[in-house]
Amino acid sequence: MSKPVRVRFAPSPTGSLHIGGARTALFNWLFARRHNGTFVLRIEDTDQERSTAASAAGIVEGFRWLGIDWDEGPEVGGPNGPYFQSERRHIYPQYVQQLLDSGAAYYCYCTPAELEARREEARRAGRPPRYDRRCANLTAEQRAAFEAEGRKKAVRLRVPPGETVVEDRVRGRVIFNNAEVDDFVIVKSDGMPTYNFAVVVDDHLMGLTHIIRAEEHLPNTPKQIMIYNYLGWDVPEFAHVSMILAPDRSKLSKRHGAQSIQEFRELGFLPEAIINYIAFLGWSPEGDREIMSLDEMIRQFSLERINPTAAVYDIKKLTWMNGIYLREGDLDRIVDALVPFMIKSGLIAAAPTGSEREHLKLIVDATRDRAKTLVELADAISYFYTDYFEYDEKGVRKHFADPAVADLLREAADELAASPDFSVAATESVYRSLIEKRGISGGALIHPTRLAITGRTVGPGLFDVMSLLGRERTLARLARAIKYIETNTLSAD
């Protein structure tokens, strides 16, 4: 590559950061990092009716959370700002004038009602409803007459004859017939530049070398190339990545579940799992590994390995990946991520410190291999933080129905109370001895004990749970279960 790589992601702040937008941003970021280039974040907020400062802040915060940083843009600055398009309005008029002066663009005085009437007339006649170039060659007198009427003027680009070729790094060569393209508006009648014009000016002035974006922008590309050519600017390389489809291969919509990064965050997904997952939506690194660090992705990333066919969104795959990151991630990192979910669910009032945090780390380490999200993990450890919980109904029918279970648990409690210590090894030794003395299966004692001290039928190793709960709480829970069994079996009789 002759020029240093410069890429960008330019979202419109009209809503939350969508998983598709996050993937496009990630591809740009990976490409920049792979080639020691520059990643620019630019906010395209010229849609005054729909753009909000809150959405812009949410997008920036979403990238921060995901770990996608930018070299130029909001909060960072840079030599090519401003990085909010609404603050760049003073830049565009000189390039509009350049196009007008060269004859590449012209003023259009047609009203919206006139344009719609002509489109309808064309449709009735079986013609494509395109602009008829009525204003393309107005004389100075005709323009003056329109302006005397008080008509507002837009600016249209004069589409040249022939073809426009897009050499796309993902989709290959794509040829557009210019005859099928209207003389399109580059400045609206209210003076605002349109997307196709502003994006070209901004991308050029920011020195971008590659435009990696969603395939929905491919039809805009020939229009943008025309503007580049008229202004005598180098055309950047384009790469249009495939869309993301739902599992049924329909367009992704709200009925398919979470789509925004904020939603995934609230559901308890880890940013590193989301990054790993969305990187694989349309990109195929070498080999068959599915869990990769950011550094590994950077080393392998290339545009040539982006698949032009649509990627399929699969929440089950993301959940599976998240479970792996929960199980294998740095324990302190997982605890930090879990604490807000514990606070939200009322398990704790504030982030634990000192010995309480160390105890939480032991609990998390014992339980995280069964959870797939932070929400699940918070629920999985809840019985460590409350002594009042319901017993699993199926477990009660299976393990608490026999009145003799109460006597068995009472004997176990007596043995545990007499044990010199309450370590994992010590509690297990007590139980193995009792099982052997009673001549019963291990499950006959272990299953009702688990239900008694956790309210559940599955979980971490029973003796790990006992040790983490401690002697006093374990014995209290066994006593509670004994009373529950005796009360309910008696009432059943």
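This is a short tour of one structure, stop by stop, with something to select at each one. Keep in mind that you are looking at a predicted model.

**Stop 1**

Start by selecting residues 105-108, 154-157 and 185-187, which are strands E3, E4 and E7. They make an open, antiparallel sheet of three strands in the order E3-E4-E7. E3 and E7 are the edge strands, each with a single partner, so one side of each has no neighbour in the sheet. Going from one strand to the next, the twist averages 45 degrees.

Now zoom in on E3 and E4, whose antiparallel pairing runs over four bridges. Pick out Tyr106 and you'll find Arg156 of E4 opposite.

**Stop 2**

Select Arg8 and Asp203. They form a salt bridge, with 2.9 Å between the closest N and O atoms. Arg8 sits in strand E1 (residues 6-9) and Asp203 in helix H6 (residues 195-205), so the pair ties together parts 195 residues apart in sequence. Are these two buried or exposed? Arg8 has a relative accessibility of 6%, so it counts as buried. Asp203 counts as buried too, at 3%.

**Stop 3**

Go to Glu486 and Arg410, where the closest N and O atoms are 2.6 Å apart in a salt bridge. Glu486 belongs to helix H20 (residues 471-492) and Arg410 to helix H16 (residues 404-418), so this pair ties together parts 76 residues apart in sequence. Glu486 is partly exposed, at 31% relative accessibility, and Arg410 is partly exposed at 31% as well.

Then select Glu167 and Arg173, a salt bridge with its closest N and O atoms 2.5 Å apart. Glu167 is partly exposed, with a relative accessible area of 44%, while Arg173 is exposed at 56%.

**Stop 4: an enclosed helix**

Finish with residues 271-279, which form helix H9. How many of its nine residues are buried? Eight are, so H9 is largely enclosed by the rest of the structure. To see them, colour Pro271, Ala273, Ile274, Ile275, Asn276, Tyr277, Ile278 and Ala279.

Notes: Residues numbered from 1 in each chain as written. Predicted model: local features only at pLDDT ≥ 70, side-chain atom pairs only at ≥ 80, totals over all residues. Heavy atoms only, no water. Buried < 20%, exposed > 50% of the residue type's maximum accessible area, 1.4 Å probe, protein only. Helix = DSSP H or I, 4+ residues; strand = E, 2+ residues; numbered from the N terminus. Salt bridge = Lys/Arg side-chain N within 4 Å of Asp/Glu carboxyl O. Pairing = 2+ DSSP bridges. Axes fitted to C-alpha atoms, helices over the stretch in contact; angles between N-to-C directions.
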